[in-house]
Amino acid sequence: MTNDEIRDFLQQSIDENRVMLFMKGTPNQPACGFSARTAAALNALGVQYAALDILPDPRIREELSALSGWPTIPQLFVDKELVGGSDIVIEMFEAGELAELLGVEQPEEFAAEPQPEPVKRPIGLENRLD
Amino acid sequence: MPTPTELQERIEAALPGAEVSVDDLTGGGDHFRAEIVSDRFQGLSRIQQHKLVYDVFGAEIGGPIHALSIKTSTPGATQ
């Protein structure tokens, strides 16, 4: 795949999925604590979302950051707009703003989540740009 | 390897008057948490606030600074 094709694919993912999450790993097997917490917030709200693992090719992350202007992963898009990374998504979730944005009920049983677990650091899974 | 103090000083230099605290989350010198209180954030969306901080470090984010967790607020704001 060329870089242009990757960028087109990313743009198409954003355009075609109302709630689109770019993350490290998958919602079932997140490869990073920040991605895990972001997916967990969406799961707690019970919304349908599409998720793309950016790890398989470093160019996915390069093209995504070029397209969004946002340097880190995860990145959540809703209605084609960048909502933010994990800090913003978790803040909005805890304030009930994410539920409002997505048009769903805030789960009542929700209690503040613990801080992210220390990120596991097997060297092979790191996805550095340099 | 960047230190929390270095990150703190660079953010303070970019956002004069800001109250900044930076922690090294893992002790490894590449996963950081920054809390910043600045009146520069007034009227900006969360995305814009965080971008102001990311912009201090440019391409170092994702490189030497593997992860930078950010919490922004304005003076006097609760939460």
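Q: How many residues lie between β1(B) and β2(B) in their hairpin?
A: In this predicted model, strand β1 of chain B covers residues 19–24 and strand β2 of chain B covers residues 31–37, and the two pair in the antiparallel sense over 6 bridges. In the turn, Gly27(B) has a positive phi of about 80°. The stretch between the two strands of the hairpin holds 6 residues.

Q: Which residue of β3(B) is the bridge partner of Ala34(B)?
A: Let's follow Ala34(B), which sits in β2(B) and has Val22(B) standing opposite. β2(B) also pairs with strand β3 of chain B (residues 67–73), in the parallel sense and over 7 bridges. There, the partner of Ala34(B) is Ile70(B).

Q: Which residue of β3(A) is the bridge partner of Met20(A)?
A: Strand β1 of chain A (residues 19–23) and strand β3 of chain A (residues 75–78) pair in the antiparallel sense over 4 bridges. Across from Met20(A), the bridge partner in β3(A) is Phe77(A).

Q: Are α1(A) and α3(A) parallel or oblique to each other?
A: Helix α1 of chain A (residues 3–16) and helix α3 of chain A (residues 58–68) pack with their axes 9 Å apart, at an angle of about 60°. An angle counts as roughly parallel under 35 degrees and as roughly perpendicular from 65 to 115. The two helices, α1(A) and α3(A), are therefore oblique.

Q: How many nonpolar residues does the side of chain A that touches chain B have?
A: The two chains meet through 12 residues of chain A and 13 residues of chain B. On the chain A side, the elements giving two or more residues are β4 (81–84) and α4 (86–94) of chain A. By class, that side has 2 polar and 3 charged residues, and its count of nonpolar residues is 7.

Notes. Residues are numbered from 1 along each chain as its sequence is written. Chains are lettered from A and ligands numbered from 1 in the order in which they are written. This is a predicted model: local features need pLDDT of at least 70, side-chain atom pairs count only at pLDDT 80 or more; totals for chains, interfaces and linings use all residues. Two strands pair if DSSP finds at least two bridges between them. Two residues are in contact if their C-beta atoms, placed from the backbone, lie within 7 Å. Ala, Val, Leu, Ile, Met, Phe, Trp, Tyr, Cys and Pro count as nonpolar, Asp, Glu, Lys and Arg as charged, and the others, Gly among them, as polar. Axes are lines fitted to C-alpha atoms, for helices over the stretch in contact, and angles run from 0 to 180 degrees between N-to-C directions. Angles under 35 degrees count as roughly parallel, over 145 as roughly antiparallel, 65 to 115 as roughly perpendicular and the rest as oblique.
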